[in-house]
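Hi everyone, thanks for making time this morning. Let me put the structure up, and then we can walk through a few places together.

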Amino acid sequence: MIVRKGDFYFSLVLDFLCVFVFAMSFSFPSEAAIFPQISSALLFVLSGFLMFNSFKGKQVAPKEAKREKFQYTSAVLLILGFVAYALLLNFLGYIITTLALVYYTIFVIGYRKQKWLIVTSIVSVAVTYALFRLVLGVPLPVSFIARLIQG
Amino acid sequence: MLENIALGFGQLLHPTVFIALFFGVVVGLIVGALPGLNDSITMAVLIPVTFGMDPQIALALLVGIYVAACYGGSIPAILLNIPGTASSVVTCLDGYKMTQKGQSGLALGISTTSSVFGGLYSSLVLMFLAPFLAIQALRFGPPEYFSLAIMGISTVVGMAGKDLLKSLIISVLGLVISTIGMSPQVGYPRFTFGIDYLYDGIPLVPMLIGLFGVTSVLELADTIKNDLLSKANLDIKKIGRMLPDKKMVKRLLPVWLTSGTIGNIIGIIPGAGMIMAIYMAYDQAKRRNKDKEFGTGIPEGVAAPETANNAVVASSMVPLMALGVPGNSTSALFIGALMIQGMRPGPSLFKDFPEVAYLIIAAFFVGNLLMGPLGLALGKFMSSSILRLNRYLLNGVIILLCVTGAYSVRNSTFDVWIMIIFGVISYVLNKIKFSLTPIILPLILGPMMEQNLQQSLILSKGSWSIFFTSPISLGLLIVSALFLLAPVWKAIKEKRKAKVA
């Protein structure tokens with residue numbers, strides 16, 4: 001019986017990764033293949049120990065497991081927000097997407113006072129933009145509209 | 001020699017040279033404190049600008065940046081759990097926990113005093129022992145470097161405590177991931193899937209920002225569901241006293257000395273790197289303070305890495321100044337800075353341009369002294385402005401710094417993806433009690449290990465005995481074995497005790 005499900009599934013993921021790395025390394029020149037082969041073989045063995053250990057120990061109470069599931073909603077929403085940010089960054093530019101991201105993050109975490117939410121988002125993005133773009137010269141992405149205007 | 005040292009310090013009395021050093025320290029502190037920016041980027045941008053300057057002014061400016069950036073990185077590490085530079089990654093472990101306990105001021109104070117101590121210690125080494133130590137460092141060939149990398153990784157595994165297997169797995173996973181990119185020996189692209197950005201491997205800084213910054217924001221979302229945020233809020237806003245008192249100084253002195261020595265030794269060995277030094281120093285501090293639970297906000301956990309990383313700064317100049325061989329990528333930039341001024345680093349620098357050689361050494365010493373008050377002032381300013389922010393709003397600022405920092409490394413959205421991916425993986429693994437922190441050092445040391453393994457095997461015509469016939473390599477391997485076996489031995493002893501009980 002699997003006791004530590006997390007360890008078990010992680011060891012499965014690692015095993016797949018090791019097999020993939022080991023198999024792919026045969027397409028490399030021999031000098032480039034040795035190290036991936038050694039390290040993936042070692043990881044495979046260690047992952048085997050982890051899988052073995054995942055069958056040992058005490059079972060987690062089902063009540064506790066149910067409570068943990070509930071906690072993930074906000075984190076999943078945040079991850080989706082980060083993914084959307086990375087997808088839209090080059091299209092909408094740094095200022096718009098980052099403003100939206102800061103607002104969204106604070107909102108998802110649970111803050112609801114709109115005035116401070118908006119002020120913090122605008123001020124923090126403005127200060128960071130000024131520091132990175134204007135003072136340090138980091139070319140932060142511009143929106144497609146700005147790119148069209150600039151030609 | 002003393003005459004030359006006096007000559008170096010004498011030049012710093014010139015107002016423009018001193019102002020350049022002062023300005024460099026301020027710039028270094030700021031770029032270090034901004035995630036995504038570091039000393040190498042800033043110096044690389046500034047070196048062409050220094051072309052028109054007097055050599056003394058130009059070098060004082062660059063030394064100031066190099067000295068302070070490393071310390072600057074500890075400020076966001078302590079206050080926000082985002083390492084400002086890669087060298088402050090270990091500082092997050094205890095520094096941020098101290099902030100959560102309402103001891104952010106003390107954490108910043110310890111970080112500052114430790115950095116100044118480490119910096120001054122290595123400046124003295126650079127001043128008096130440079131030529132002797134540089135020759136010792138040259139005794140390191142491929143087998144010794146390979147064994148050194150093994151020792152570095154074994155310290156990370158040793159840091160694991162009870163979860164030895166998990167730490168070992170994550171370390172080896174780091175080695176597997178380090179094979180992404182061009183192979184060091186033949187330059188063959190591996191596991192890049194046609195993505196140009198992966199040719200240099202997984203970018204370190206975005207990965208670190210993800211591991212620490214993104215993960216902490218995601219974990220905060222869980223905290224809210226547990227209604228723990230209001231409790232956490234009570235202490236986090238406190239800054240408390242900054243400078244450690246006499247009792248604390250006495251307590252930290254052994255850590256400073258050990259970590260400073262580790263930093264100096266690692267710094268002198270070309271290519272060994274700052275990250276290895278901070279992990280080794282943290283590991284040593286942990287081993288010497290077995291009664292303290294590291295990772296829960298222990299002052300020694302901040303003092304050890306901060307002393308070691310600043311000790312690496314000046315000591316990485318030892319091989320450069322004495323032999324013309326750079327200790328790391330940042331000190332390599334000094335070659336460019338010196339050559340742009342018509343000088344060549346190495347033994348001839350001391351003979352042909354003693355005023356410049358000793359000015360650099362003196363600037364490292366004075367730069368560290370300047371870093372103390374300036375660092376405390378910046379730390380106080382940042383803590384008073386950042387920590388007073390509402391905890392919810394602060395997390396918006398954290399994510400803002402994370403994405404901007406990750407993007408700024410190479411001006412690429414790809415690095416933002418790396419940050420998100422590693423942040424999510426770390427968050428998920430934390431849920432099943434895996435920490436991704438041990439992945440960092442193997443990821444950095446992987447290419448060094450691979451290259452030196454292959455070079456060693458070529459030298460020995462395929463015989464693995466080369467690692468045991470060199471006394472230095474053998475010594476390093478024995479130490480590695482001890483590091484690895486110590487937690488196993490401890491676990492066996494504890495099991496026996498439990499059985500008896």
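This is a predicted model: local features need pLDDT of at least 70, side-chain atom pairs count only at pLDDT 80 or more; totals for chains, interfaces and linings use all residues.

Residues are numbered from 1 along each chain as its sequence is written, chains are lettered from A and ligands numbered from 1 in the order in which they are written, and side-chain values use heavy atoms, with hydrogens and water left out.

So, chain A: it has six helices and zero strands (DSSP runs, H or I of at least four residues for helices, E of at least two for strands, numbered from the N terminus). Of its 151 residues, 37% are buried, meaning under 20% relative accessible area, with exposed being over 50% and partly exposed in between (1.4 Å probe, protein chains only). Taking contacts as heavy atoms within 4.5 Å, residues 24 or more positions apart make up 60% of those in chain A with a separation of 6 or more.

Now chain B. Is B:Asn81 buried or exposed? B:Asn81 counts as buried, because its relative accessibility is 12%. You'll find B:Asn81 in the loop between helix H5 (74–80) and helix H6 (91–100). Leaving out residues up to four places away in sequence, B:Asn81 touches, among others, B:Tyr96 and B:Phe212.

For contrast, look at B:Lys290, in the loop between helix H13 (274–288) and helix H14 (299–315) of chain B. B:Lys290 counts as exposed because its relative accessibility is 68%.
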